[in-house]
Amino acid sequence: MRQILITDAARQGDPAVLAARLPRGSLVLLRDYEAPDRRARATRLAALARQRGLYLLIAADHHLACHVGAAGVHLPGRQLWAPDPAVLAAHRAGRLWLTAACHDGRDLARAGALHVDMAILSPVFPTRSHPGGRVLGLHRFARLARSSPVPVAALGGIGAVGARRLKAVPGVVAVAGIDGFPLA
C-alpha cells in the first residue's frame, strides 16, 4: 500500500527529512499554503522526489506544480467544488495526476465526476491536528471506500496499527499522514 506524506510546516519543520525516509513510489503532498518559502520547499521536494523515486503533489497551485515539475496537483475541499479549468485540462491531457480532499459520500461523488486519480478521505480516526473532531471511524470509512467511484487514500490518525487494519479495506490504495513515517 502506498504512503502519502502530507506536509505541515508547523508540525514538521523541513518535510524533506521525512520524505527522505519514505519507500520508493510514495507520494509527498506539499500543503504549507502560508509558508513564505513554499516555492523553495516545492523545488527541494521535487528534486528529492526525482532522486528517491517519489511523486510530488502540490496542493492548490497548478502553476507551482508545473514550475517544479511535480507529478500532480491536489484539490483541497474548496477547490473540489470549484476547480481551476487549467488543472482539469492538464489532468485530462495526462500531464498531471489529480487528487482531492474528501470527507463524505458527496465529496467522493464529486471527485468521481472530475475523474480524479485518488480521493484522500478523512478523518478516519481521531487526530492530533483536530482533537475531539468528528471522525468517520473504520466501518463508515470502509463503506465509503468500497462505494467510491475513485481509488481512496485514508487520512487521519492512521499510524502503523491503523495502516495494517486499512490494508483489508477494498478500494483503499494508500495511507496518508503528517507524521509517523514510514508506516512499515
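This note goes through a predicted model of one chain, from its overall build to single residues.

1. Overall build. The chain has nine helices and eight strands. Its radius of gyration is 15 Å, close to the 16 Å that the globule rule gives for 184 residues, so the chain is as compact as a globular protein of that length. Along the principal axes, the C-alpha atoms fill a box of roughly 40 × 35 × 30 Å.

2. Of the 184 residues, 52% count as buried. The chain exposes about 8,600 Å², and carbon and sulfur atoms supply 55% of that area.

3. Contacts along the sequence. Take the contacts in the chain with a separation of 6 or more: residues 24 or more positions apart account for 56% of them.

4. Nonpolar cores. The largest nonpolar core has 52 residues, and the members that touch the most others are Leu56, Ile58, Phe141 and Leu166. A second, separate core has 13 residues, among them Leu27, Ala59, Ala153 and Ala176.

5. Phe141. With residues up to four places away in sequence left out, Phe141 touches Leu121, Val124, Leu136, Val152, Ala153, Ala154, Leu166 and Val172. One of these, Leu166, is also listed with Phe141 among the core members that touch the most others. Another, Ala153, is included in the second core.

6. Ser122. This residue is in the loop between strand S6 (118-121) and helix H8 (137-147). Is Ser122 buried or exposed? Its relative accessible area is 8%, under the 20% limit, so Ser122 counts as buried. Not counting residues up to four places away in sequence, Ser122 touches Cys102, His103, Leu136 and Leu155.

7. Pro83. The loop between helix H5 (77-80) and helix H6 (85-92) holds Pro83. Pro83 has a relative accessible area of 15% and is buried. Neighbours within four places in sequence aside, Pro83 is in contact with Leu75, Leu88, Arg110 and Leu114. Pro83 and His139 are 56 residues apart along the chain, and 30 Å separates their C-alpha atoms.

8. Aromatic rings and charges. How many aromatic pairs does a search of the whole structure find? The search finds one. Two arginines sit over rings in the model. Arg78 lies over the face of Tyr33, at 5.3 Å from the ring centre. The charged end of Arg106 is placed over the ring of Trp81, 4.3 Å from the centre of that ring.

How values were computed. Residues are numbered from 1 along each chain as its sequence is written. This is a predicted model: local features need pLDDT of at least 70, side-chain atom pairs count only at pLDDT 80 or more; totals for chains, interfaces and linings use all residues. Side-chain values use heavy atoms; hydrogens and water are left out. Rings of Phe, Tyr and Trp (its six-membered ring) pair if their centres lie within 6.5 Å; planes under 30 degrees apart count as stacked, over 60 as edge-to-face and the rest as tilted. A charge sits over a ring if NZ of Lys or CZ of Arg is within 6 Å of the ring centre and within 35 degrees of the ring normal. Helices (H or I, at least four residues) and strands (E, at least two) are DSSP runs, numbered from the N terminus. The radius of gyration is taken over C-alpha atoms; the globule rule is 2.2 Å times the number of residues to the power 0.38. Buried means under 20% relative accessible area, exposed over 50%, partly exposed in between (1.4 Å probe, protein chains only). Contact means heavy atoms within 4.5 Å. Accessible areas come from the Shrake-Rupley method with a 1.4 Å probe; for residues, only the protein chains shown count as cover. A nonpolar core is a set of buried Ala, Val, Leu, Ile, Met, Phe, Trp, Tyr and Cys residues joined through side-chain atoms within 4.5 Å.
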